[in-house]
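The following exercises concern the protein shown below. Each task is followed by a solution in steps.

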Amino acid sequence: MPSTASDVAVRAEALVKTFGSTRALDGIDLEIPTGTVLGLLGPNGAGKTTAVRILTTLLRPDSGRAWVAGHDVLAEPDAVRRAIGLSGQYAAVDENLTGFENLYLVGRLYGKNKPDARARARELIGRFRLDDAADRPAKTYSGGMRRRLDLAGALVAEPLVVLLDEPTTGLDPRGRLDTWEVIGELVAEGATVLLTTQYLEEADQLADTILVIDRGRVIASGTADQLKAEIGGERLEIVVAEESELGTVSRVLTEIGAGEPLVEQHNRRAQVLVDAGTKSLIEALRRLDADGVVVLDVSLHRPTLDDVFLSLTGHAVEEPAVAGSSKEEAK
Ligand SMILES: Nc1ncnc2c1ncn2[C@@H]1O[C@H](COP(=O)(O)OP(=O)(O)OP(=O)(O)O)[C@@H](O)[C@H]1O
Ligand SMILES: [Mg+2]
C-alpha cells in the first residue's frame, strides 16, 4: 500500500466487478483511516457485498486494486486474512456445534492455545448476551442469536480491520442497539471498521464517514451531518384539531422552517424542512401554543435512505433490474 500504510487501514482504487451484464462495481474508490468507521450505505443490489467480498479476498475484481492493513488483497491474500474479521450478510455458524464451541473452534483455528481460546469464547459469549444459549447447538438459535454469534466469531482473533455486512439486518430493536454498542466498543479499542447498511440511521449512529453507493458507483460521501445538510435537514410535521387553524400553522412554520411549508387541508396537517431539529420543534410548539392553536400530533422526521436517494439521484430506491435471480458463486 502507498506510503501512508499505518494511517490508512483500507484503500480501494477503481474497483470494477461484473457478473455477466451486471456491473456490480463500476469504479469504486474508498479509504478508511485507521481507527475509524466507514459506512457503506446503499439499497439492495448496490454492490455492498461485492465490495466486502473483494476486500476480504473472497472475490477477485476485474480491475482496480485494494489494500487492507497494508497488504495487497490480490498479491498477499493470506496476510489480509490474518488482519481481518468478517461477519457476512448471512451468518456463517456451524449448526451442530454450540455457541461456545463455535467461538472456541474459531479461536483454535486462529492459533490460540486451549485456555486462551476458551477464555476468548467465554468473553464474547457474555458480551453478545448469549450466556443462556452458550451450550445449546446453534441450530436451536433464533435468527438474531445466530447473527450475534456470527458477529462474535468475527472478533475472536482481535482483528485490526473488521468488515460487517449488514450487521443488524434481521435483528429486533434490542439486538440492533446491542450490536451498535459492541461496534462502538470495537472502535474504542482501536479497530477499523467497514460496515454496510441500508439504514441511514445506522450509518449515522456508527460511521465517521459514509459512502452512499448506487449501482456500483459512489454517489455521495461525507459525514452523516453533511449528507443530511445536503438533502435539507429534518422534516417537522404538525397535525392540528381544526382545519381553520392551518393558516396560523402555515405562518409559524414559514417563520421557523428552512423552506416553504406544505399544507394538507383535508388531513389538517402541515410540514416543513427545518435546520435545527428538536430546537425548531420546540420553537414551533411554543409559538403555536402562544397563538392558542391545539396541536394533536407533532413529529420530526429524520431523512431516510429513500430521502437521500431521491435527493441525490432524482429516483427513489428501486429494485435493480437483474437478469436471473440466482447468485451463483463466482470464482
Ligand atoms: N455471484 C454473483 N453472480 C451474479 N450476479 C451477482 C453475484 N453477486 C452479485 N451479483 C449482482 O451484482 C449486483 C450487486 O450485488 P451485491 O450483492 O454486491 O449488492 P448488495 O448491495 O450487497 O445488495 P443487498 O443489500 O441486497 O445485499 C446485484 O445486481 C447482484 O445481483
Ligand atoms: Mg449484500
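**Exercise 1. State how far apart the C-alpha centres of domain 1 and domain 2 lie.**

Step 1. The C-alpha centres of the two domains lie 42 Å apart.
Step 2. The domain assignment places domain 1 at 8-223 and domain 2 at 233-302; such bounds come from an automatic or database domain assignment.
Step 3. The C-alpha trace of the protein spans about 75 × 45 × 40 Å along its principal axes.

Before continuing, note that this is a predicted model, in which local features need pLDDT of at least 70 and side-chain atom pairs count only at pLDDT 80 or more, while totals for chains, interfaces and linings use all residues. Residues are numbered from 1 along each chain as its sequence is written, chains are lettered from A and ligands numbered from 1 in the order in which they are written, and side-chain values use heavy atoms, leaving out hydrogens and water.

**Exercise 2. Determine the strand order of the open sheet of four strands and identify which strands stand at its edges.**

Step 1. The protein has 11 helices and 14 strands, taken as DSSP runs numbered from the N terminus (helices: H or I, at least four residues; strands: E, at least two).
Step 2. The order in this sheet is 12-13-11-14, with antiparallel pairing; two strands pair if DSSP finds at least two bridges between them.
Step 3. Strand 12 (262-264) and strand 14 (295-301) each have a single partner strand, so one side of each is left without a neighbour in the sheet.
Step 4. Strand 11 (residues 234-240) and strand 13 (residues 269-274) run antiparallel and are joined by six bridges. Glu237 stands opposite Gln271 in strand 13.

**Exercise 3. Classify Leu155 and Leu109 as buried or exposed.**

Step 1. Apply the cut-offs: buried means under 20% relative accessible area, exposed over 50%, and partly exposed in between (1.4 Å probe, protein chains only).
Step 2. Leu155, in helix 5 (residues 143-155), counts as buried because its relative accessibility is 2%. Its C-alpha is 9.4 Å from that of Arg120, although Leu155 and Arg120 are 35 residues apart in sequence.
Step 3. Leu109 lies in helix 3 (residues 99-109) and, with a relative accessible area of 70%, is exposed.
Step 4. For the whole protein, buried residues make up 46% of the 331 residues.
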